[in-house]
Amino acid sequence: MLEAREVTFYYRGRKKAPVLENVSLTIAPGERVGLKGPSGRGKTTLCRLLAGYERPKAGEVLLDGKAVTSFRGVCPVQMIWQHSETVVDPLLPLGKTLEEAGPVEPRILRALHIEEGWLTRYPAELSGGELQRFCLARALHPSVRYLLCDEISAMLDLVTQAQIWDFLLEEAKNRSLGLLIVSHSDQLLKKLCTRMAEL
Amino acid sequence: MKPILAIEHLSIDFIQYERGLRRRVLPVIRDLSLTVEAGQVAAVVGASGSGKSLLAHAILDILPYNSRRKGKILYDGEELTPERAEKLRGKEIALVPQGVTYLDPLMKVGAQLRRGRRDGETRRKYRDALVRYGLDERTEGLYSFELSGGMARRVLIASAVAENPRLIIADEPTPGLDAQAAARILAHFRELAEGGAGVLFITHDLEIALEIADRVAVFYAGETIEEAAAGDFASEELLRHPFTKALWNAMPQHGFRPITGAQPYPGEMKEGCPFARQCANCTDECRAGQIGLRTFRGGLVRCLHPRKEEA
């Protein structure tokens with residue numbers, strides 16, 4: 001169980017206008033929770049807290065009862081970002097980026113249609129949809145149990161979007177991953193989620 | 001009615017240097033045709049890398065120096081030469097650029113919107129444009145790095161439409177905006193079209209395109225593969241090209257079924273139909289020669305067997 005308990009968060013110098021105030025959210029294994037809300041309401045910030053990139057100013061983020069920031073090694077909660085080109089090292093060939101969290105199972109590469117030739121290319125040479133596949137493969141280390149998907153298909157065309165979700169839903173089912181899915185598209189959330197939350 | 005913008009058989013090549021002094025020509029857009037009528041919103045839909053932004057830059061004649069343009073672009077019935085494009089852009093032809101990086105980082109928003117003019121009328125005009133998109137006067141005093149993604153996008157749109165252009169080219173104006181802000185912007189594009197302007201709406205998001213457009217052109221690997229009325233997207237049977245059908249089927253509300261593979265890169269394209277690798281009904285005929293755009297059931301399609309794909 002991944003839970004945010006009454007978390008409050010503000011960025012430095014903005015104590016008077018917190019991004020999140022007493023927000024609670026739980027995600028159980030195998031669950032797909034949809035999260036929506038207008039821009040600037042703190043959806044991405046909540047993801048960053050759940051993934052342990054930031055610590056809440058009040059409240060706590062717990063993974064199976066322990067603080068998410070206390071895990072060592074590969075964190076079981078991984079985040080996938082909207083703009084894939086901003087989360088890969090532009091100076092590394094993608095084969096290196098892919099293995100940042102350890103070797104990736106060949107099964108995943110095949111399922112995501114990552115071609116052999118792409119591994120020696122640099123991020124600037126591939127499209128957003130192709131980079132997003134690398135980010136997914138990188139985040140699916142065997143010890144990962146929760147994925148936070150922050151608008152991961154908003155920049156992709158419909159066919160690529162369907163390809164990526166098709167794979168991710170299958171993977172989530174087989175490994176009973178818990179997913180948090182952030183999106184502006186009601187139709188997409190309706191199709192994907194088992195439960196909705198709003199900010 | 002005479003179309004406000006007509007693009008006929010446009011192709012764009014890039015000249016690249018490989019190793020040393022060896023040059024190669026990389027065709028990025030091949031044989032692209034499109035028309036925008038006054039009073040209409042025409043949408044261009046395609047995957048990233050299909051040449052959508054290049055099309056916008058070609059119309060404004062702001063392509064990079066190592067590119068070559070062939071084919072014809074007619075604005076208001078007359079050829080849009082580089083001199084004419086330079087005179088019209090920013091006035092009659094306005095671009096809403098894709099990235100937030102198109103703003104000048106060293107200039108406050110208000111000053112760069114007004115482009116050096118300081119008279120009261122100009123000030124009022126741009127202030128009204130900002131207010132229309134829900135930004136207040138304080139925005140004028142901010143630098144571009146102080147804006148959020150959604151605010152920056154609204155500034156770009158305000159800048160483009162304040163001069164009452166006759167042709168608006170909007171390159172992915174909606175990502176990063178929530179549904180409400182996006183709806184307001186779409187409604188305003190619609191309003192400009194009703195007022196007689198032509199709008200070319202470039203996007204990867206077919207759902208948004210269908211909300212606003214009268215006609216939709218679908219791009220694939222630098223070619224127009226289908227031009228259809230927005231109403232044709234009501235059902236799969238009304239569509240013509242197998243890729244358009246694949247897009248339709250991939251919409252979350254219509255089954256969410258993906259097809260495998262991706263569009264070919266520029267430079268690795270072979271003869272024949274660019275969609276051949278992903279098409280379930282590809283025949284030997286499809287792999288040879290250039291396939292032309294032809295009229296089919298009231299729209300245009302670039303496919304040899306627009307009927308067969310149901311099988």
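This is a predicted model: local features need pLDDT of at least 70, side-chain atom pairs count only at pLDDT 80 or more; totals for chains, interfaces and linings use all residues.
How many residues does the contact take from chain B and from chain A?

**View 1. The contact between chain B and chain A.** Chain B gives 24 residues to the contact, and chain A gives 26 residues. Between them the two chains bury about 2,100 Å². Of that area, 61% lies on carbon and sulfur atoms. Three residues stand out on chain B: H204(B), F256(B) and Y265(B). Together they supply 29% of the area that chain B buries against chain A, more than any other three residues.

**View 2. Polar and charged pairs across the interface.** How many salt bridges does the rule find across the interface of chain B and chain A? The rule finds zero. Polar contact does occur there, in two residue pairs. Both of these pairs are at pLDDT 80 or more.

**View 3. The side of chain B that touches chain A.** Two helices of chain B, α7 (206-212) and α8 (242-250), each supply at least two residues of this side. Which of the elements gives the most? The answer is α8(B), with four residues. By class, this side of chain B has 14 nonpolar residues, seven polar residues and three charged residues.

**View 4. The open sheet of chain B.** Eight strands make up this sheet, and the pairing is mixed. Their order is β6-β7-β8-β3-β9-β10-β12-β11. Why is one side of β6 and of β11 left without a neighbour in the sheet? In chain B, β6 (93-96) and β11 (294-296) stand at the edges, and each has a single partner strand, so one side of each has no neighbour in the sheet. From one strand to the next, the twist averages 25°.

View 5. Strand β10 (residues 223-229) of chain B runs antiparallel to strand β12 (residues 299-301) of chain B. Two bridges join them. Look for E227(B): its bridge partner in β12(B) is L300(B). Helix α8(B) packs on the sheet. There α8(B) touches β3 (41-45), β9 (215-220) and β10 of chain B. The direction of α8(B) makes about 105° with that of β9(B).

**View 6. The open sheet of chain A.** Here the sheet has five strands, and the pairing is parallel. The order is β6-β7-β8-β3-β9. Which strands of chain A are the edge strands? They are β6 (77-80) and β9 (195-198), and each pairs on one side only. The twist in this sheet averages 20° from one strand to the next.

**View 7. Strands β3 and β9 of chain A.** Strand β3 (residues 32-36) of chain A pairs with β9(A) in the parallel sense, over four bridges.

**View 8. A salt bridge within chain A.** The count over all chains comes to 31 salt bridges. One of the salt bridges joins R195(A) to E31(A). Their closest N and O atoms are 2.7 Å apart. Where do the two residues lie? R195(A) is in strand β9 of chain A, and E31(A) is in the loop between β2 (20-27) and β3 of chain A. The pair links distant parts of the chain, 164 residues apart.

Conventions. Residues are numbered from 1 along each chain as its sequence is written. Chains are lettered from A and ligands numbered from 1 in the order in which they are written. Side-chain values use heavy atoms; hydrogens and water are left out. Contact means heavy atoms within 4.5 Å. Buried area is the accessible area (1.4 Å probe) that two parts lose on being put together, summed over both. A salt bridge is a side-chain nitrogen of Lys or Arg within 4 Å of a carboxyl oxygen of Asp or Glu. A polar contact is a pair of N or O atoms within 3.5 Å; within protein, one must be able to donate a hydrogen and the other to accept it, and residues adjacent in sequence count only if both atoms are side-chain atoms. Ala, Val, Leu, Ile, Met, Phe, Trp, Tyr, Cys and Pro count as nonpolar, Asp, Glu, Lys and Arg as charged, and the others, Gly among them, as polar. Two strands pair if DSSP finds at least two bridges between them. Axes are lines fitted to C-alpha atoms, for helices over the stretch in contact, and angles run from 0 to 180 degrees between N-to-C directions.
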